[in-house]
Amino acid sequence: MHLQWTSWLTLAVLCMYIWNVMVVGRLRMKLGVKAPAMDGPPEFLRAMRVQSNTVEQMVFFFPALWLCAAWSGDVPAALLGLVWLIGRIIYALAYLQDAGKRSMGFLISGLAAVALMLGAVVGLSGVLK
């Protein structure tokens with residue numbers, strides 16, 4: 001079983017997460033928020049929430065992605081994963097500007113994650129065969 005596209009997508013998601021971590025680190029230095037403090041100016045708090053929420057979402061996303069890839073195919077899983085990634089980027093960019101603008105990105109990534117899970121269920125149940 002070769003899951004090349006899902007593997008590339010996984011690496012892209014990990015790069016997006018590294019970007020989240022770097023944004024938080026940069027703001028820690030810029031705003032003087034010393035570790036282990038988790039409180040600070042709103043700009044820092046928004047970045048922390050983006051990073052935290054991304055980790056929370058990845059707990060659901062990665063198993064759904066790989067189960068979908070294994071049972072419904074590499075390309076469909078990678079494409080849905082790409083939609084999830086785009087949603088998370090939209091979420092992050094919007095949230096970093098204004099917490100009230102995060103909804104669209106959250107919705108896009110949430111629906112993509114559910115679609116991945118449903119893809120796994122459909123493939124596992126043999127409905128497509």
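A residue counts as buried when its relative accessible area is under 20%, as exposed when that value is over 50%, and as partly exposed in between. In this predicted model, both Phe 61 and Phe 62 are buried.

Aromatic contacts were examined next. Four aromatic pairs are found in total. Phe 61 and Phe 62 make up one of them, with ring centres 5.2 Å apart and planes at 55° to each other, a tilted arrangement. These two residues also belong to a cluster, in which ring pairs link Phe 61, Phe 62 and Trp 84.

A tilted pair is also formed by Tyr 91 and Phe 106, at 6.1 Å centre to centre and with 50° between the planes. Tyr 91 belongs to helix H3 (residues 74-97) and Phe 106 to helix H4 (residues 103-125), so this pair ties together parts 15 residues apart in sequence.

Arg 88 is placed over the face of Tyr 91, 4.2 Å from the ring centre. At Tyr 95, the charged end of Arg 102 sits over the ring, at 5.2 Å from its centre.

Note on methods:
Residues numbered from 1 in each chain as written. Predicted model: local features only at pLDDT ≥ 70, side-chain atom pairs only at ≥ 80, totals over all residues. Heavy atoms only, no water. Phe/Tyr/Trp six-rings, centres within 6.5 Å; stacked < 30°, edge-to-face > 60°. Buried < 20%, exposed > 50% of the residue type's maximum accessible area, 1.4 Å probe, protein only. Helix = DSSP H or I, 4+ residues; strand = E, 2+ residues; numbered from the N terminus. Lys NZ or Arg CZ within 6 Å of the ring centre and 35° of its normal.
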